Amino acid sequence: MTFIQSFRLKTFLLVCLTLNGLTGAVATGGDRLPACRETIERHIRELASEKYQGRRGPFAAMAAEYIQREFQELELNPLFAGNSYLQTIPGLSEGDEPPRTLGTNVGAILPGSDPALAEEYVLIAAHHDHLGRGGGGIFHGADDNASGVAMVLEVARLLKSADPSPRRSVIFVSFDLEEHLLFGSRWFTAHPPIPLERLRLVLVADMLGRSLGDLPLNSVFLFGAEHGTGLRELLAGIDSEPNTRPLLLNSEFVGTRSDYGPFRDRQIPFLFASTGQSRDYHSIRDTADHINYQQVREITTFLREVVRHAANADSSPEWIPDPELTLDEVTTVLKIVEKIDQQADNWKLTTVQRLFVTQTRQRAKRILQQQTISPEDRRWLTRSTQMMLLTVF
Ligand SMILES: [Zn+2]
């Protein structure tokens, strides 16, 4: 760390300590300080800056180095073999040539404070790679997914300074090559630094700084609670701020959309947090100036609580192979379609798109009226929600 870096870090920490101090939390120490907006904004603006050229290939490697430096500055332990924060992802080797490096995952670990539970793990992750440059310019990927990486780094900072420290060990990972068929998380789960059967919960975040279709939803979607015992209860027990209420959705509605996929395939309980695809998704307009930093801060505080609870609870989620669809999830779908409906003219929805929206709304309403979900309702709602999300966004 250079003197300038150290000075910059301390200045930011000072800002946050001062802000946190206003809540009186610093005076008591404690493990529930709110996330720091300034720190989060610093990470997002850095990773989405010109310098990283959309974080692809060698520029994704630069992002990995940035994240590694942050883990080092936080004095977290390296996660991978050889005391390394980095896990290189090799390509196929040709002839006698050593395989070239395709990408780099970054990971750190905070050892659990309870000797009986320290060999159990909670993992929180996001991906740092993005699309690089295209015809129109740089795909900065501020929302997708500098926002998720900033959240992971800030949760790492908060948990590292928490007193008491979490009972189970907490692993922080930034995956590479998510935009390349989830290659980073696939490599990680095929070559895990700890036995995967000791992972109690995996929390993956992808896009936290905008909102689905830029709709005023004031929420964060959480997928996957249906697959783990006690996860709904865990989420319901955490306070959220009014502008970022968690909305449960079934992961079946979206299929595999991010790095939770390889963990779900191995039946490891998971949660996927996202505020959804904005109108600027995968475009050069996904820039740092369009991020709602207050929202990312609030979601970060919430997700830190999820990790803290999962790491401290006496029992852990067990995998539920064939979960029920609940009325909570139908309520979420209804909320989304009603907001889309309000935008139908603004967005110039086509007749077919309007039809999906209307049909989905009617079916969701009917299910909520009858207060029970038949297998046919479930199939219909899942299919129509998938279609609606695909055709409208
Ligand atoms: Zn993404």
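Helix H10 (residues 327-343) packs against helix H11 (residues 351-370) at an angle of about 145°, their axes lying 9 Å apart. Axes here are lines fitted to C-alpha atoms, for helices over the stretch in contact, and angles run from 0 to 180 degrees between N-to-C directions. Helices (H or I, at least four residues) and strands (E, at least two) are DSSP runs, numbered from the N terminus. H10 passes H11 in a left-handed crossing; a crossing is left-handed if the near helix is turned anticlockwise from the far one by less than a right angle, and right-handed if clockwise. H10 contributes, among others, Leu327, Val330, Leu334 and Val337 to the contact, and H11 contributes residues including Val357, Ala364, Ile367 and Leu368, contact meaning heavy atoms within 4.5 Å. By class, this contact of H10 with H11 has 10 nonpolar, 2 polar and 4 charged residues. Ala, Val, Leu, Ile, Met, Phe, Trp, Tyr, Cys and Pro count as nonpolar, Asp, Glu, Lys and Arg as charged, and the others, Gly among them, as polar.

The model is predicted, so local features need pLDDT of at least 70 and side-chain atom pairs count only at pLDDT 80 or more, while totals for chains, interfaces and linings use all residues. Residues are numbered from 1 along each chain as its sequence is written, and side-chain values use heavy atoms, with hydrogens and water left out.

Two further helix pairs share H4. The axes of helix H3 (residues 37-47) and helix H4 (residues 58-73) come within 11 Å and cross at roughly 155°. That makes H3 roughly antiparallel to H4, given that angles under 35 degrees count as roughly parallel, over 145 as roughly antiparallel, 65 to 115 as roughly perpendicular and the rest as oblique. The crossing of H3 and H4 is right-handed. Arg42, His43, Glu46 and Leu47 of H3 meet Ala63, Tyr66 and Glu70 of H4, and by class this contact has 3 nonpolar, 1 polar and 3 charged residues.

H4 also packs with helix H5 (residues 142-160), at an angle of about 15° and with axes 10 Å apart. The two helices are therefore roughly parallel to each other, and H4 passes H5 in a right-handed crossing. Tyr66, Ile67, Glu70 and Phe71 of H4 make the contact with Val149, Leu153 and Ala156 of H5. By class, the contact of H4 with H5 has 6 nonpolar, no polar and 1 charged residues.

Several backbone features belong to this part of the chain. Glutamate 75 has a positive phi of about 60° although it is not a glycine, and it is found in the loop between H4 and strand S1 (77-78). The peptide bond from aspartate 144 to asparagine 145 is cis, with omega near 5°; asparagine 145 is found in H5. Another cis peptide bond joins aspartate 163 and proline 164, with omega about 5°, and proline 164 lies in the loop between H5 and strand S7 (169-175).

The largest pocket holds about 520 Å³ of space. Its lining comprises 26 residues, of which Met207, Val254, Arg257, Gln277 and Tyr281 lie nearest its centre. On a 1 Å grid over the protein atoms alone, a pocket is an open set of points where a 1.4 Å probe fits, with protein on both sides within 12 Å along at least five of seven lines; lining residues have an atom within 4 Å of a point. The largest share of the lining, 3 residues, comes from H12. By class, the lining has 15 nonpolar, 6 polar and 5 charged residues.

How values were computed: Grid points are joined across faces, edges and corners, and a volume is the space filled by probe spheres set on the points.
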